[in-house]
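Here is a short briefing to read alongside the model.

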Amino acid sequence: MPEADEVDDEEEMPLSLRLSIADTLTLGNATCGFMAVYFTTTGILIPHLMGSDESGMARHSAATAVILMLCAAIFDLFDGLVARKLRSSPMGAELDNLSDLISFGLAPAYFVLVYGMVADDAYQRVAAVGAIVVLLAVVLRLARFSCVTVKDGTFQGMPSPFGALTVVSIVLLELPFVATLLAIIGTAWLMVSRVEYPKPRGRLAVAMLSWIVLSMGLLAAWAFDAPSGQLLLQTGCALQLVMGAVIPLFATARKVNNFRDNRREARAAQP
C-alpha cells in the first residue's frame with residue numbers, strides 16, 4: 001500500500017504545472033500579442049512588399065493589431081486582480097513576464113519596424129534601431145521588475161503595457177520620422193527610468209479600463225473610415241502621450257505630500 005501511494009503521488013501533476021484562472025488570463029495576453037504580430041505582417045508588411053496600393057486593408061490590419069495589444073493590456077490588468085483575489089500558480093510571475101515580453105515588447109517593436117518599412121519618409125535601418133531600443137527597454141524593465149522590490153502601490157518606470165500603447169500611439173500620430181523616432185526613444189527611456197507610476201488599482205484601474213475601451217472605439221472608427229475618424233484617432237493618440245507625461249506627476253505630488261506630512265509629524269513630536 002505505501003508503494004501504491006508513492007506511485008499515485010508521482011503520477012499526480014506537479015503543483016508548478018497547474019494553471020490557475022489568473023494564468024489562463026495571462027496566456028490570453030500572450031495570444032493577443034502574437035496575433036498582433038500576425039496582423040501586422042499579413043495586413044501591412046506583406047501587401048507593401050507585394051506592391052499593393054490598398055490602403056484600406058493596411059488601415060484595418062493596423063487597427064486590428066493595436067486593438068489586440070489593447071486586449072492584451074486588459075488581460076494583463078485582470079490577471080493581477082484575479083491573482084490577488086483568488087490565487088496564482090508558482091509559475092504565474094514567470095508566465096506574466098514572458099507574456100508581457102510578447103505583447104508589450106515584441107509586438108510594438110515589430111510595429112515600429114514595419115512602420116519604418118512602409119512609411120514614405122521613413123528610414124528602414126534607423127527604424128530598426130528604434131524597434132530594438134523598444135524591445136530592449138521592455139526586456140530590461142521586466143528583468144528589473146523581477147529583481148527589484150519597490151514600495152507598494154507604485155511602479156518604477158513606465159509600465160510596459162502603457163509604454164507599448166504609447167509607442168504605438170506615436171506611430172499612429174504620423175509625425176515626421178525624426179520626431180517619431182525621438183518620441184519612441186523617449187518612451188523607451190521612461191520604461192527603464194526611476195520615474196514612479198501608480199499601479200492601476202481601484203478607481204485608477206476602472207479609469208484605465210475605460211480608456212482602453214474608448215481607444216478601441218477610436219481605432220474602430222478610424223479603421224472603418226467613419227466621419228472625423230482620423231481626427232478622433234489622432235486626438236486619442238495625443239492624449240495617450242500627454243497621460244504618459246502627466247501621470248507620474250500624481251505619484252510625485254503624493255510623495256511630496258507624504259514628505260510634508262512626515263515633517264509636520266516630526267516637528268509636532270519634538271518637545
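Helix 3 gives the largest share of the lining of the largest pocket, eight residues. The model is a predicted one, and the pocket in question holds about 960 Å³ of space. Its lining counts 36 residues, and those closest to the centre are Asp76, Gly80, Asp96, Phe145 and Phe155.

**The largest pocket**

**Overall fold**

- The protein has nine helices and two strands.
- Of the contacts between residues at least 6 apart in sequence, 81% join residues at least 24 apart.

**Burial and surface**

- Of the 271 residues in the protein, 42% are buried.
- The accessible surface comes to about 15,100 Å², and carbon and sulfur atoms account for 66% of that area.

**Annotated spans**

- An unreviewed UniProt entry carries the annotation "transmembrane region" for residues 27-50, 62-81, 101-119, 126-143, 163-192, 204-224 and 230-253.
- How far apart are the end C-alpha atoms of residues 27-50? They lie 33 Å apart, in a span that is 96% helix and 0% strand.
- For residues 163-192, the end C-alpha atoms lie 10 Å apart, and the span is 87% helix and 0% strand.

**A look at Thr187**

- Thr187 is found in helix 7, which covers residues 177-192.
- Is Thr187 buried or exposed? Its relative accessible area is 5%, so Thr187 counts as buried, the cut-off being under 20%.
- Leaving aside residues up to four places away in sequence, Thr187 touches Met158, Gly163, Thr166, Val167 and Ile170.

Notes:
Residues numbered from 1 in each chain as written. Predicted model: local features only at pLDDT ≥ 70, side-chain atom pairs only at ≥ 80, totals over all residues. Heavy atoms only, no water. UniProt positions renumbered as here; feature names shortened; annotations may be inferred. Helix = DSSP H or I, 4+ residues; strand = E, 2+ residues; numbered from the N terminus. Buried < 20%, exposed > 50% of the residue type's maximum accessible area, 1.4 Å probe, protein only. Contact = heavy atoms within 4.5 Å. Areas by Shrake-Rupley, 256 points an atom, 1.4 Å probe, with all protein chains shown as cover. 1 Å grid on protein atoms, 1.4 Å probe; cavity = no way out; pocket = protein on both sides within 12 Å on 5 of 7 lines; lining within 4 Å. Points joined across faces, edges and corners; volume = space filled by probe spheres on them.
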